[in-house]
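I opened this entry to keep track of what I looked up, residue by residue and strand by strand.

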Amino acid sequence: MSSVFKDIKVIGEYEQPEWIAAKLKNMQDPDFQDNVSEDTNPTRGGKGILEFLNLVQDQPWMYATHKFGYIPPTKPGSLEPQVIKNPSAITADTSLKNNSINIRLDRLHIAKYPGGGTHNVMVTFAARNQVANTQETVSFSQTYRVQEGQSAGIAGYPVFIGLNVGSQGVAFECSTVNVKNNEDKAILSALESSPFQSGLKLLTTAQPAIAPFTEITVGVVKMLAQRSENVAVQKFYLGLDFENMAMGCRLAEGNYIAIQVDDEIAINWERWVYKPGIGAIVHKASDYETLPYNYVIFRVSRYEE
């Protein structure tokens with residue numbers, strides 16, 4: 001099944017330097033404003049657009065690839081560092097087959113997004129909900145204010161409650177849009193109202209309201225992403241299954257990490273651990289070295305009535 005966000009293009013996917021420069025200018029990006037001058041006289045110290053873009057190629061928001069990781073559930077009260085693995089290297093929990101799960105957001109970390117300062121980030125999740133012999137696409141959006149270099153003040157935020165898993169597994173997607181347009185911030189405020197605070201509760205039977213709700217949600221995301229002062233930054237698709245193929249990703253209870261990186265070998269999970277005592281992913285060699293990337297961590301748990 002195709003991606004819900006296939007029509008949304010993140011900034012790292014654009015190849016035209018002029019488009020990226022115009023986007024940064026519209027967003028009043030501080031790096032762009034401080035370094036780019038329309039006056040090309042080198043004695044005045046201003047950089048040209050192309051020179052500036054060469055300097056930002058290694059910015060976290062310029063990456064269009066994601067690396068995935070998995071942290072198993074911790075034992076109650078344990079402070080032992082948790083090993084992080086690629087989801088293809090774990091054992092699938094087949095008891096989740098044809099069962100229901102919960103999806104919760106545990107971390108949204110912004111190392112750097114275009115625009116600088118405090119970011120208003122619209123995060124949209126989409127999944128395939130197995131109902132009887134059919135699948136329905138479900139989506140849920142929420143907005144978070146995140147200071148650059150920090151994580152959103154959330155843990156365990158409900159996304160999908162009672163998502164029905166089929167015999168083949170479940171497909172899960174996520175996109176983030178950085179919203180700078182003041183008029184669009186009213187839409188974000190609506191997402192902070194009480195009806196959106198408890199996630200999307202799903203049933204084992206088809207719900208007629210789901211389809212139009214999903215269509216509206218995805219439509220709003222696409223609209224916001226196209227505004228000149230807004231930009232889509234992250235987008236990933238993760239299919240979690242019960243197979244044992246080398247390149248697949250397994251479904252099990254635990255935390256899944258999606259990190260925005262320049263290529264798949266940028267992260268070696270053998271060098272990183274999750275430490276329950278400080279509630280962070282750190283380098284094995286130092287508790288003060290954290291992941292220097294934009295990332296999303298979501299949790300999969302078994303649904304119980």
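**Model.** I am working from a predicted model.

**Aromatic pairs.** I searched the whole structure for ring pairs and got 7. I looked up Phe 68 and Phe 236 among them: their ring centres are 5.7 Å apart, the planes stand at 70 degrees, and the pair is edge-to-face. I then checked where the two rings sit in the chain. Phe 68 belongs to strand β1 (residues 65-71) and Phe 236 to strand β10 (residues 231-241), so I noted a link between distant parts of the chain, 168 residues apart. Phe 68 and Phe 236 are both buried.

I took Phe 172 and Phe 298 next. Their planes meet at 35 degrees with the ring centres 4.3 Å apart, so I logged the pair as tilted; the tilted class is what remains between under 30 degrees for stacked and over 60 for edge-to-face. Phe 172 is in strand β8 and Phe 298 in strand β16 (residues 295-302), so this pair ties together parts 126 residues apart in sequence. I found both Phe 172 and Phe 298 buried.

**Core.** I asked which members of the largest nonpolar core touch the most other members. The core has 54 residues, and the answer is Ile 103, Leu 108, Tyr 144, Phe 160, Leu 163, Leu 251 and Tyr 256.

I listed the contacts of Phe 160, leaving out residues up to four places away in sequence. Phe 160 touches, among others, Ile 101, Ile 103, Val 138, Phe 140, Leu 200 and Leu 202.

**Glu 173.** I looked at this residue in strand β8, which covers residues 170-179. Is Glu 173 buried or exposed? Its relative accessibility is 0%, so it counts as buried. I then checked what its side chain reaches: the backbone nitrogen of Val 4, at 3.0 Å.

**His 66.** I placed His 66 in strand β1. Its relative accessible area is 10%, so I noted it as buried. The side chains of His 66 and Gln 234 are joined by a polar contact of 3.2 Å. Setting aside residues up to four places away in sequence, I found that His 66 touches Gln 234, Lys 235 and Phe 236, together with Ala 258, Ile 259, Gln 260 and Val 261. Phe 236 is the residue that I had already recorded as the ring partner of Phe 68.

**Lys 9.** I recorded Lys 9 over the face of Tyr 14, with 4.7 Å to the ring centre.

**Open sheet.** I traced a sheet of 4 strands, which is open, antiparallel in its pairing and ordered β2-β13-β14-β15.

I went through the pairings of β14. Strand β13 (residues 272-275) pairs with strand β14 (residues 280-283) in the antiparallel sense over 4 bridges. Trp 272 has His 283 in β14 as its bridge partner. The hairpin of β13 and β14 has 4 residues between the strands, and Gly 279 takes a positive phi near 65 degrees there.

On β14 and β15 I counted 2 bridges, again antiparallel. Val 282 has Thr 290 in β15 as its bridge partner. The hairpin from β14 to β15 runs through 2 residues.

**Positive phi in loops.** I looked up Gln 28, which is not a glycine but has a positive phi of about 55 degrees. Gln 28 sits in the loop between α1 (17-26) and α2 (30-35). With a relative accessible area of 54%, Gln 28 is exposed.

I did likewise for Asn 98, also not a glycine, with a positive phi of about 55 degrees. Asn 98 is in the loop between β2 and β3 (100-110). Its relative accessibility is 56%, so Asn 98 counts as exposed.

Note on methods. Residues numbered from 1 in each chain as written. Predicted model: local features only at pLDDT ≥ 70, side-chain atom pairs only at ≥ 80, totals over all residues. Heavy atoms only, no water. Buried < 20%, exposed > 50% of the residue type's maximum accessible area, 1.4 Å probe, protein only. Polar contact = N/O pair within 3.5 Å; in protein donor to acceptor, adjacent residues only side chain to side chain. Pairing = 2+ DSSP bridges. Phe/Tyr/Trp six-rings, centres within 6.5 Å; stacked < 30°, edge-to-face > 60°. Lys NZ or Arg CZ within 6 Å of the ring centre and 35° of its normal. Core = buried A, V, L, I, M, F, W, Y, C linked by side-chain atoms within 4.5 Å. Contact = heavy atoms within 4.5 Å.
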